[in-house]
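User: Hi! I'm new to this one and would like a friendly walk through it. Could you put it on screen?

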Amino acid sequence: PAIIRRSDYRAPDWLVPDLALDFDLDAAHTRVHATLSVARNGAHGRPLRLDGDGLVPLLVRVDGQELTPEGWSMEGGALIIPLTGDAHSVETLVDIAPASNSKLMGLYASGGLLCTQCEAEGFRRITFFPDRPDVLSRYHVRMTADKALYPVLLSNGDPVGQGEGADGRHWAEWRDPFPKPCYLFALVAGDLACNADSFVTMSGREVRLGIWVCEADLPRTAHAMKALKDSMAWDERVYGREYDLDVFNIVAVADFNFGAMENKGLNIFNSRYILADPETATDMDYDGVEGVVAHEYFHNWSGNRVTCRDWFQLSLKEGFTVFRDQNFSADMGSHAVKRIEDVRILRAAQFQEDAGPLAHPIRPESYMEISNFYTSTVYNKGAEIIRMMALMLGPERFRAGADLYFDRHDGQAATCEDFVRAMEEGGAIDLTQFRRWYEQAGTPRVAARLAHDPVTGAATLTLAQAVPPTPGQPDKQPMVIPLRTALFDPATGSHSGEQLLMLTQAEQSFTFEGFAQSPLLSINRGFSSPVIIESERSQADLAFLSAHDDDPFARYEAMQQLMVNVLVGTVAGQPVDESTVIAAIRQTATNPALDPAFIAEAIRLPAEAYLGDQMAMVDPDAIHAARDALQQRIGVELEPLWRDIHARTQANGFALSPAAKGARALRNVALTYLVASGAEDGPAIAFTQFDRADNMTERQSALATLASGRSNEREAALDIFYHRYSDDPLVLDKWFQTQALAFHPDTVDLVEELGRHKAFTLSNPNRVRALYGAFAANQWAFHHASGKGYRLVADCIMALDRLNPQTAARLAPPLGRWKRFDASRAAMMRAELERILAQPGLSKDVTEQASKSLE
Ligand code: B3K
Ligand code: ZN
């Protein structure tokens, strides 16, 4: 497949200021009649080139005249039309088949609905068009459909007309006054019910809000509606940006390749990010709904009003919008806990990506298939890079930079460079060296060494940075690394003020005066930079910080580092002292001044995969054994505490308040330790929680605890859960996922069986991710020494690639981490990648991921 390069960008040859689309909708055959007003862009003689993917032109007209077959040609899937003038009207007619569209890109059927997904390059599967984000058009959409099957017809912008047609059909017209790229086009047709509400903007305009779902799901839309209204108010308050159309609609669909899509005025969502009620959604699901609703809403400014010039600029909208949704969620709940969660996600997904064969800068230089670049790097690392700018500028100057960016580029297709320049000018800062964060891949490592002179009382902190080599980038330049830092004086137990240290050179020293004794280092507080800190801090120092650091993230980090040191030491066969960890856990868990939600985060053991990331060579069995043993030890030593917490956090009725959520989180950690202790009544306590819970958070967490054990209660609980929820797809996903994530020696065989279960299907991406996506994240099970785990995932990728390459390709990266495993596992992982690549007709999505993974 061809490689597209950022340096090859050229402005479009033809612009399309206006586009009229006429859809004659039907699941088997939909006719799309498009009328494009085209305008030559610059002085050139090149023909009009309209992208198409699997389309056959049934009619081509220019200025009302039908062209003979000699008047146009096809090149790949594209339609080429030589034109003589500078402005023309071009019409095409195509016939597409939504019901057989298994890629879920373009116009497809989900349940009884017809819906679209166009980003990044799905619009070319609907009609011939210059499918690139820098061609912006005003859309006028007409849809005609069977009224009984599709009583609701939605598109972007505002509704401008509707009426009855012949033979039980009806029609609707929508007009979007804001010029937009075609990736933001959407339509939905179906039998939908509406949760209708309204919002008055800061300038006093009333916006009609609608969340559209099937009738039975209406009671599950309240949380999404609240999140939408909170987001609208937040963007006005924090960024001064208000909504710009008279209606804002959201539709939930069951079959969707990712989370949701920010189509102008008509967001389309994976139903898992809309539907929530206590019986079926966990607290994490509720937070997911809030965060994704906000994310898509915020795109109306960061993405739609200002869009991307080309797909290499994807982080311009995604990194910034993730940063915005993270801050929104923090404001809605706990800043400390949100930051911990976001860093956990960054480390689990992005640090792994940055350390492997698929590493790329947040602004990539090339791609085969753009769908493969909707990555944790572009999204989550992209957000961290905006966060560093916000930290360096402070809130007022950051807001001034954002204002300049939005005002200057409103209505345009912009670049990352445009954003950085607006921050420089609006925020009055020089970001010359900082731009390397857009160019260099890899997670910087910062070695921190603290030296103390008892005679002068000076403490000298020496910081040395190194960015590891990544594919295509053997040598790296020093980055700008802002590090929030404090030095704790052991004499007083406190520090005399945090400083923002700017590490800009390969090595730099900072001196601090007035320490009679050597201070304790608290660095990268709040995780101010997305880097790995290497500092030799004793277990005693870490224990002190875990109890006294006034930055909650640093406190959490000290606690986790304590645990990591013990676990990594155990795996390496070194003698370790578990007592410091256990004392620190007791200290934290019993501190009445701490938020229970924070405690739950801080006392949980680091994930097996995170432990693997700390080692040059990952030994999944040894890591599992060490973590399991420490968990048991903590369970045994503090058993009365776990019993007490578990009993104490039992709620009287369900609430969604931060306090109630925190109590549930802590209760679930306590249950895990209690069961891990091996106490005889552990499984029975878990089963009682499972059985009596009035909410999914407690039920699923008890189920997960049981699923990782070998009690009789295990089978019973899984069976009850399955039958209770067998007609709710989102909850059934949890049943698959819980088993795929279980720490159980037979997980790999179980997953194989579940792949043949009657409720399993490759045609629903949520179901695939619930089983195979979760399984591939279960380090111990996936890396089973037999290699069976690798084979299962490879088989799934190969089968799914024939239906849905985009979702298939997302399962490939775990197989690409072979360099970090022993020779036997590495050989088996490579063999699976090679077997995948040998499959005839393999998509370019999977080809790109698998071939890069072998390098
Ligand atoms: N912009 C979409 C993602 C589209 C993914 C295409 N492969 C959702 C989001 O980030 O808001
Ligand atoms: Zn986004």
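User: Thanks! Which domains is the chain divided into?

Analyst: The chain is split into domain 1 (307-439), domain 2 (445-529) and domain 3 (725-855); these bounds come from an automatic or database domain assignment. Please keep in mind that this is a predicted model: local features need pLDDT of at least 70, side-chain atom pairs count only at pLDDT 80 or more, and totals for chains, interfaces and linings use all residues. Residues are numbered from 1 along each chain as its sequence is written, while chains are lettered from A and ligands numbered from 1 in the order in which they are written.

User: How many Å separate the centres of domain 2 and domain 3?

Analyst: Taken over C-alpha atoms, those centres are 41 Å apart.

User: And what does UniProt list for residues 442-535?

Analyst: An unreviewed UniProt entry gives "domain: Peptidase M1 alanyl aminopeptidase Ig-like fold" for residues 442-535. UniProt positions are in the numbering used here, feature names are shortened, and annotations may be inferred rather than shown by experiment. That span is 0% helix and 48% strand, with its end C-alpha atoms 19 Å apart. Helices (H or I, at least four residues) and strands (E, at least two) are DSSP runs, numbered from the N terminus.

User: What about residues 224-435 and 101-184?

Analyst: Residues 224-435 carry the unreviewed UniProt annotation "domain: Peptidase M1 membrane alanine aminopeptidase". They are 55% helix and 9% strand, and the end C-alpha atoms lie 37 Å apart. For residues 101-184, the unreviewed annotation is "domain: Aminopeptidase N-like N-terminal"; here the chain is 0% helix and 51% strand, and the end C-alpha atoms are 19 Å apart.

User: Switching to the ligand: which residues are around ligand 1?

Analyst: The shell is made up of Glu-119, Ala-120, Phe-258, Ala-260, Met-261, Glu-262, His-295, Glu-296, His-299, Glu-318, Ser-371 and Tyr-374. Two elements, β20 (260-261) and α2 (283-298), each give two or more residues to that shell. A residue counts as near a molecule or strand if its C-beta atom, placed from the backbone, lies within 6 Å of it.

User: How many of them are nonpolar, polar or charged?

Analyst: The shell around ligand 1 has five nonpolar, three polar and four charged residues. Ala, Val, Leu, Ile, Met, Phe, Trp, Tyr, Cys and Pro count as nonpolar, Asp, Glu, Lys and Arg as charged, and the others, Gly among them, as polar.

User: What is the peptide bond from Glu-119 to Ala-120 like?

Analyst: That bond is cis, with omega near 0 degrees. Ala-120 sits in the loop between β11 (113-117) and β12 (137-146).

User: Back to α2: why is it described as largely enclosed?

Analyst: Because 14 of its 16 residues are buried, α2 is largely enclosed by the rest of the structure. Buried means that 20 or more other C-beta atoms lie within 10 Å of a residue's own, exposed means 12 or fewer, and partly exposed is in between, with C-beta atoms placed from the backbone. The end C-alpha atoms of α2 are 22 Å apart, which agrees with the 22 Å its 16 residues should span at 1.5 Å a residue; the expected span is 1.5 Å times one less than the number of residues.

User: And α26, what covers its buried residues?

Analyst: The cover includes α23 (788-801), α24 (805-809) and α25 (823-837). Eight of the eleven residues of α26 (residues 844-854) are buried, among them Asp-845, Val-846 and Thr-847.

User: Now the loops. Where is Pro-278, and is it buried or partly exposed?

Analyst: Pro-278 is in the loop between β21 (266-270) and α2. Pro-278 is partly exposed, with 18 other C-beta atoms within 10 Å. Beyond its neighbours within four places in sequence, Pro-278 is in contact with Phe-654, Asp-694, Asn-695 and Met-696, where contact means C-beta atoms, placed from the backbone, within 7 Å. The C-alpha atoms of Pro-278 and Thr-697 are 8.1 Å apart, although 419 residues separate the two along the chain.

User: What is the phi of Asn-524?

Analyst: Asn-524 has a positive phi of about 55 degrees although it is not a glycine. Asn-524 is in the loop between β30 and β31, and is buried, with 26 other C-beta atoms within 10 Å.

Notes. Contact = placed C-beta atoms within 7 Å.
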